[in-house]
Amino acid sequence: MTVPAGPPVPRPPVPRVVSWNITKRCNLKCEHCYIDAKFGGSAPAGELSTDECLRVLGELAELNSSALLIITGGEPFLRKDLFRITTRASEIGFMVVIGTNGTVISDRLADQIPDAGIQGLSLSLHALTSEPHDRFVGVQGAWDNTVRGAGVLREHDIPFIIQTSVTPWNEAEIPQIVDKAKALGARVFNLYFLVGTGRGAGQTPLSPDAYEALLETLYLSQKQHEGEMIVNAKCAPHFKRVIWQHDPGSANLRAYGTGCPAGVHYLQITPDGKVTPCPYMGHFVGDLRTQTFTEIWEGSGLLQSLRKADLGGRCGECEFKSFCGGCRCRAYAETGDALAEDPACGYEPGTLSAEPVVLEQEMTFGIPEVFRVRWTPEARQRLQSVPSFARGMVIRRVEKYAEESEIREITPELMAKLRDRFLRERGGKVPFAFWKRGKT
């Protein structure tokens, strides 16, 4: 007797972005360090070996061989096998970027970066001047070295972003730090809103009112630098709601359709091979020394709960839940429940809209790569230069134009035309900092 097949079991989304803390060793002593990095000396015991790192790359490739791979630390450039790992990752197809404090960048290092498969870097700068920055990171001279490193990258034409963590002591000068990032040559400025984990658990957070006021200020900086430098908020998904309030059609509204991507499109690997939904959520969902990547990604109960997004409190009631949803890590850090409301947000659901606000697919990161129009092999190849998390969105955008224009085949020439049109809309800047130059 033949048993009828049941409905297909939906597979979970693939990891689009992976943040890999490759070492806890560091040359700074930052007050807010979420990983509680080790200052000076040799690497702490238990970190993944070179061979283990290469194996992990292979396992991740089985899920998504073109994920954005953010390799950070500690200070990743202190790891001697870094370039061997990044080279292999690039050969597989990953888009590789490095998160560094920027203090060790030199001309010699910059000469090696492109050949090691690294497409861009992020540097940390937390103040306009050296004294408060150096006090915050615990090492005198750090500010000068980071600024010098930014200059080296600019001279070598290596894309970089500037990242700043906001605290009560630097809150007032954030607009000026944004301007400083632009003057240094950054393609993107990211403002991080503190999540109380690691050494950051002892830091004083902003109040919800101060948080909201700063997001409004950041929106003004975003408008000021539009077409010259992209300005984003991190660990603050409700920045998208602030943008929507001002301009529902803004190109800067692009976001994951699940809101916070932690555990849905994003995860962290710790130096010893543990896996968490996000660097700022201290809950291990697996161990790559005893489990495969696929076993962790598909089998973790917490990851499955984050994907269902059955959120509590105001986040669950909010009309912006679909592309905001609050920071899941902050909810976990402050309440112990990753699905609770984000305590840093003071917005009352229903204030701006009685109906759910949903992004169109052309504005949504992380959607599947579905082809409804014929693409030439050359066009599909060119599509590979788009970051994995944005590829489905770009496909939908290009195909929507083709359908409206009665074009039946997507070619590289059409992609170049749409890219140029989009760049004109954005003032000449590619929306993703690390697209390969010369590619769509």
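1. E406 counts as exposed, at 72% relative accessibility (exposed is over 50% relative accessible area, buried under 20%, partly exposed in between, with a 1.4 Å probe and protein chains only). The residue lies in the loop between α14 (388-404) and β16 (409-410); helices here are DSSP runs of H or I with at least four residues, strands are runs of E with at least two, and both are numbered from the N terminus. The phi of E406 is near 60°, a positive value in a residue other than glycine.

2. A word on the source, before going further. This is a predicted model, in which local features need pLDDT of at least 70 and side-chain atom pairs count only at pLDDT 80 or more, while totals for chains, interfaces and linings use all residues. Residues are numbered from 1 along each chain as its sequence is written, and side-chain values use heavy atoms, with hydrogens and water left out.

3. Ten strands form an open sheet with mixed pairing, in the order β9-β8-β7-β6-β5-β4-β1-β11-β12-β13 (two strands pair if DSSP finds at least two bridges between them). The edges are β9 and β13 (286-287), each with a single partner strand, so one side of each has no neighbour in the sheet.

4. Strand β1 (residues 17-21) is mostly covered, with five of its five residues buried. V17, S19 and N21 point one way and V18 and W20 the other. β1 runs parallel to β4 (residues 68-72), with five bridges, and parallel to β11 (residues 266-269), with four. W20 is a handy landmark, standing opposite I71 in β4 and opposite I269 in β11. S19, for its part, stands opposite Q268 in β11.

5. Helix α1 (residues 50-63) lies across β1, β4 and β11 and runs at about 170° to β1 (axes are lines fitted to C-alpha atoms, for helices over the stretch in contact, and angles run from 0 to 180 degrees between N-to-C directions). T270 is buried, with a relative accessible area of 8%. Leaving aside neighbours within four places in sequence, T270 is in contact with W20, N21, T276 and F284 (contact means heavy atoms within 4.5 Å).

6. Strand β8 (residues 188-193) is mostly covered as well: six of its six residues are buried. V188, N190 and Y192 are on one side, with F189, L191 and F193 on the other.

7. β7, helix α6 (residues 174-184) and β8 make a right-handed β-α-β unit, as do β8, helix α7 (residues 208-224) and β9. Right-handed means that, with the strands pointing away from the viewer, the path from the first strand over the helix to the second runs clockwise.

8. Helix α8 (residues 239-246) is largely enclosed by the rest of the structure, because six of its eight residues are buried. Those six are F239, K240, R241, V242, I243 and W244. Their cover includes α7, β9 and β10 (255-256).

9. Finally, a helix pair. Helices α4 (residues 130-137) and α5 (residues 142-155) pack at an angle of about 105°, with axes 7 Å apart. That makes α4 roughly perpendicular to α5 (65 to 115 degrees; under 35 is roughly parallel, over 145 roughly antiparallel and the rest oblique). S130, H133, D134 and V137 in α4 meet A142, W143 and D144 in α5. The residues of this contact divide into three nonpolar, two polar and two charged (Ala, Val, Leu, Ile, Met, Phe, Trp, Tyr, Cys and Pro are nonpolar, Asp, Glu, Lys and Arg charged, and the others, Gly among them, polar).
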